[in-house]
Amino acid sequence: MQEPANQVPPAIQIDSLSKTFAGGFEALKGVSLDVSKGEIFALLGPNGAGKTTLISIVCGLVNPSGGTVKVEGFDILSDYRETRSRVGLVPQELTTDAFATVFGTVRFSRGLFGKPHDDVYVEQVLRDLSLWEKRDSEVHMLSGGMKRRLLIAKAMVHEPDVLFLDEPTAGVDVELRRDMWNLVRRLRDRGVTIVLTTHYIEEAEEMADRVGVINNGELILVQEKNALMQRLGEKRLVLKLNERLDTIPPTLSEKYELSLSDGGETLTYVYDARGEHTGITGLLSDLRDANLHFTDLDTEQSSLEDIFVNLVEQQR
Amino acid sequence: MNIYAIRAIYKFEMARTQRTLLQSVVYPVLSTSLYFVIFGSAIGSQINEVDGIAYAAFIVPGLIMLSLLTQSVSNASFAIYFPRFNGTIYELLSAPVAYYEVVIAYVGAAATKSVLIGLLILATAYFFVDLNIQHPLIMLGFLILTAVSFSLFGFILGIWADNFEKLQLVPLLVVTPLTFLGGTFYSISMLPPFWQNLSLLNPVVYLISGFRWSFYGEGDVSILASLGMTLGFLAICLAVVAWIFRTGYRLKP
Ligand SMILES: Nc1ncnc2c1ncn2[C@@H]1O[C@H](COP(=O)(O)OP(=O)(O)OP(=O)(O)O)[C@@H](O)[C@H]1O
Ligand SMILES: [Mg+2]
C-alpha cells in the first residue's frame, strides 16, 4: 500500500497486535488501532483487559508476539530510538528510586531519553506539577499523590510527542485529579498526543476525544466519545408533573416504558436514542390526551459506564 | 549514540556509591588491611619468601584481586538487580538506549568503583610492605580489564537472579572460593602436581598470576596466557549480555 508522501502519519498506528505470554496466556488478540496526532484517546476496560500490555508493547517493555506498531511513522522494533524518544510513559504502579531527590530523578529521566541538560526546563516541569517546593526531598518522603506527579514529571521532561498515562488517577484526590486534567489539556494544546487508560468512565467521558473499549484482549469498539454516547446511549426523558400521580394510567404504561418517582411528581421515560422512532412525540400527545400536564422537561444521556457495561455484557 | 543517557546512568550509579560510601569503600579497605595484618605481618613473618618475594609483598596482588572481583560482581549485579526488583527498570526499558549503552554505563560505573577500591587497597598496602611495581602500566591495564570483565559478569548475574538469595549466593559460593583457591595466598607451584593441574582450570589463577607478573615480573602462568584468559572471559560475558538484550531474557516478558 502506497501512502501519499505528504500525509502526516498517525501518532500511533497499531496493526493486528497480539501478545501471548510465556505461560500461553493470550493477552492481546489482534488489536488494530490508529491514534491521530494531538488526540486524547481513552482506553477503557475492566481489570485484566490488556490495557497495560498494549501500552507496554508500544513503549518497549513487553515484546510483541505478532503485528506491528508504529509511532509517528517509525517502527517500534527497528526504529526504537526514534519511537522511544518521542514517547513518555507514566506507569500504573508507583515505582520510584527511593533515595534520589525529586530534582535529581527528573533530571536523570531527561538525560536517559537523550536530551541535553536543561535545568530551567526541569524547573518548569516541576512547577507545572506543583513539585518545585519538594525538589530537594528524597523520593521516599513524598506522599502517594506526589509520587504520581513525580512520575508524570519524569515522563514529560524529555518533551515527548506522545504521552501514555496508565491509570493516572488511581489513588489521587479530587483536587489533584483536576490539576491532572488541566495538565492533560495544556499538553494537548501543545500538540501532545495522549493515551490514557482508566476504569473511571467519567474520566474518559470528561477528557477523551475518542474512546476505545477493550475486553479480553480485544478492542470491542473505537469511537468518538460523543458519537459513541449518542449512538449507543439510552436516553431518559424526565418530566416534572404539575400534579401528583398515584399510578401510571394503563393506556400509557402499555405503550411506553415509564416509571414514577419523587412521590409521583416525576415521570421518566426511557428510550433508545439509536432507534429511528424515539416515541417522544407519541408520548407527549398521549399525555395530553390523558390530561396530564408537566411543568418541566429534561433529557439525560446515559453515562459511558452504562454503555460500557452494556457492551461487555453483549460480548459474553 | 545516546551520550546523555550513558552519562545520566553513570552519574546516578556513582551517586549511589557516594550514598553508601561506608559499606562500598571503607569495608573492602578495612578487611584487606586485616588480611595484611594477619597474613602479611603475623603469619608472613614465619614464612620465608615465595618465588623470591617476601610473603607480605607476595600476597598484595592477590588481595587486590580478591576485593576487585567481589566488589565488581556485587556492585554491578546489585546495580541492575535493584531496578528490576523495585520496578524502576521500566524507565530504562522504555528509553531510547541501545543495550551496549546500558552496559557501558552500568559496567563502567561498577568498574570505576572497583578500580578505585583496588587503587585504595594498593595505597594501603604501602603502609604494610615495601612494594616495587615493575610494570605499573600493565598493572593498571590488568586492574581495569579485570574490573570490567567481572562487572560484566555481575551485570549478567543481576539480570539472571530472581531473588536476593541467588544474588548473594554466586559471589559467596563461586567467586570467593575460586579467588582463595586461585593463588591469592600461595603460589600454584607449591601444590602437588594433581592440584596444580586442577588449578589451571580455575580462571582466577590466570588473573592473579598476570596481575602478580605486573608487580614482580613473574607469575604461575605466562602473562600471555593470563591476558588471553581475561580477554576470553570478557568476550564470553559480552556475548551473553548481547543475547540477553536481544531476547529480552528476564527483562521483557
Ligand atoms: N508478564 C505476564 N505474564 C503473564 N501474564 C501476564 C503478564 N502480564 C500481564 N499478564 C496477563 O495479561 C492480562 C492483561 O493484563 P494487563 O495488565 O494488560 O491488564 P489491564 O487491562 O492493564 O488491567 P488493570 O486494569 O487491572 O490494570 C491479565 O490477565 C494478566 O494477568
Ligand atoms: Mg493495567
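This is a predicted model: local features need pLDDT of at least 70, side-chain atom pairs count only at pLDDT 80 or more; totals for chains, interfaces and linings use all residues.

**Stop 1: chain A as a whole**

Select chain A and colour it by secondary structure. The chain holds 11 helices and 14 strands. Its C-alpha trace extends over about 75 × 50 × 45 Å along the principal axes. Of the 316 residues in chain A, 47% are buried. Consider next the contacts between residues at least 6 apart in sequence: in chain A, 69% of them join residues at least 24 apart.

**Stop 2: salt bridges within chain A**

Over all chains, the count of salt bridges comes to 18. Select Glu72(A) and Lys37(A), which form one of them, with the closest N and O atoms 3.8 Å apart. Lys37(A), by contrast, is partly exposed at 44%.

Now select Arg185(A) and Glu206(A). Their side chains form a salt bridge with an N to O distance of 4.0 Å. Arg185(A) belongs to helix H6 (residues 174–189) of chain A and Glu206(A) to helix H7 (residues 201–207), so this pair ties together parts 21 residues apart in sequence. Both residues are partly exposed: Arg185(A) has a relative accessible area of 30%, and Glu206(A) one of 47%.

**Stop 3: the contact between chain A and chain B**

Display both chains and select the residues where they touch. How many residues does each chain give to the contact? Chain A contributes 29 residues and chain B contributes 29 residues. Together the two chains bury about 2,500 Å², of which 57% is on carbon and sulfur atoms. Highlight Leu61(A), Arg81(A) and Leu112(A): they supply 25% of the area that chain A buries against chain B, more than any other three residues.

Two salt bridges run between chain A and chain B. To see one of them, select Lys154(A) and Glu91(B), whose side chains meet at 3.1 Å, N to O. On the side of chain A that touches chain B, the elements giving two or more residues are helix H2 (80–86), helix H3 (102–112) and helix H5 (144–156) of chain A. The residues on that side divide into 14 nonpolar, nine polar and six charged.

**Stop 4: annotated spans of chain B**

An unreviewed UniProt entry places the feature "transmembrane region" at several spans of chain B, among them residues 167–186 and 221–245. Select residues 167–186 of chain B: the span is 70% helix and 0% strand, and its end C-alpha atoms lie 29 Å apart. Residues 221–245 of chain B are 92% helix and 0% strand, with end C-alpha atoms 35 Å apart.

**Stop 5**

Select Ser67(B), located in helix H3 (residues 55–86) of chain B. Ser67(B) is buried, at 8% relative accessible area. Residues that Ser67(B) touches include Pro28(B), Thr32(B) and Ile121(B).

Move to Ser187(B), in the loop between helix H7 (164–180) and H8 of chain B. Ser187(B) is buried, with a relative accessible area of 0%. Its side chain is joined to that of Ser189(B) by a polar contact of 2.7 Å. Among the residues that Ser187(B) touches are Val50(B), Phe58(B) and Asp220(B).

Finally, select Leu200(B), in the loop between helix H8 (193–199) and helix H9 (203–216) of chain B. Leu200(B) is partly exposed, at 34%. The C-alpha atoms of Leu200(B) and Asp220(B) are separated by 9.5 Å, and the two residues are 20 residues apart along the chain.

**Stop 5: a salt bridge within chain B**

Select Arg250(B) and Asp162(B), which form a salt bridge with the closest N and O atoms 3.7 Å apart. Arg250(B) lies in the segment after helix H10 (223–247) of chain B and Asp162(B) in the loop between helix H6 (136–160) and H7, so placed that the pair links distant parts of the chain, 88 residues apart.

Notes: Residues are numbered from 1 along each chain as its sequence is written. Chains are lettered from A and ligands numbered from 1 in the order in which they are written. Side-chain values use heavy atoms; hydrogens and water are left out. Contact means heavy atoms within 4.5 Å. Buried area is the accessible area (1.4 Å probe) that two parts lose on being put together, summed over both. Helices (H or I, at least four residues) and strands (E, at least two) are DSSP runs, numbered from the N terminus. Ala, Val, Leu, Ile, Met, Phe, Trp, Tyr, Cys and Pro count as nonpolar, Asp, Glu, Lys and Arg as charged, and the others, Gly among them, as polar. UniProt positions are given in the numbering used here, feature names are shortened, and annotations may be inferred rather than shown by experiment. Buried means under 20% relative accessible area, exposed over 50%, partly exposed in between (1.4 Å probe, protein chains only). A polar contact is a pair of N or O atoms within 3.5 Å; within protein, one must be able to donate a hydrogen and the other to accept it, and residues adjacent in sequence count only if both atoms are side-chain atoms. Lists of a residue's contacts leave out its neighbours within four places in sequence.
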